[in-house]
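Trainee: I have a structure here and would like to understand the terms used for it. Could we go through it together?
Mentor: Gladly, let's take a look.

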Amino acid sequence: MTAYDRIYAITRQIPYGHVATYGQIAELADYPRQARLVGYALYRITPEQNIPWHRVINAKGEVSHSVLRHGTDYLQRHLLEQEGIEFTPAGKISLSRYQWQPHKM
DNA sequence: GCCATGACGGAGC
DNA sequence: TGCTCCGCCATGG
């Protein structure tokens, strides 16, 4: 059981049509302030793990860009739009409207 | 076991 | 409003 497993477990709980931020995932996984680990964990995800990685975005409500992703950022946006999530002309998502509200507090 | 890295966050300028 | 810098820490070489 690695830190990644916890992060993946949380990520799988994000409901359809909703999104969560890296920091939020980190916090729920009991790793506050470790948003970077979340990004690193998602980077190492394999398709077989069946994880809705596209529902994880940064605190700004945007899809993060990275050359390491080989264009999957574009795919992420596409997948989110298919779930009914709207992007602003600036390419951002309204967190106040789509952010996942977990029961935990 | 040390060192660099990483899909981030947020404070500061 | 937007860019830069630093912290944070598990993972891999």
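**Pocket and DNA surface**

Mentor: In this predicted model, the largest pocket holds about 520 Å³ of space.

Trainee: Which residues are closest to the centre of the largest pocket?

Mentor: They are G39, L42, Y43, R69 and T72, out of 21 residues that line the pocket. The elements giving two or more residues to this lining are α3 and α4 (72-82), and α3 gives the most, with 4 residues.

Trainee: What makes R36 a polar contact of DNA strand B?

Mentor: The cut-off for a pair of N or O atoms is 3.5 Å. A polar side-chain atom of R36 lies 2.6 Å from a base nitrogen of DNA strand B, so the pair is within 3.5 Å and counts as a polar contact.

Trainee: Which element supplies the largest share of the surface near DNA strand B?

Mentor: That is α3, with 6 residues. The surface divides into 8 nonpolar, 6 polar and 2 charged residues.

Methods:
Residues numbered from 1 in each chain as written. Chains lettered and ligands numbered in written order. Predicted model: local features only at pLDDT ≥ 70, side-chain atom pairs only at ≥ 80, totals over all residues. Heavy atoms only, no water. Polar contact = N/O pair within 3.5 Å; in protein donor to acceptor, adjacent residues only side chain to side chain. Nonpolar A, V, L, I, M, F, W, Y, C, P; charged D, E, K, R; others polar. 1 Å grid on protein atoms, 1.4 Å probe; cavity = no way out; pocket = protein on both sides within 12 Å on 5 of 7 lines; lining within 4 Å. Points joined across faces, edges and corners; volume = space filled by probe spheres on them.
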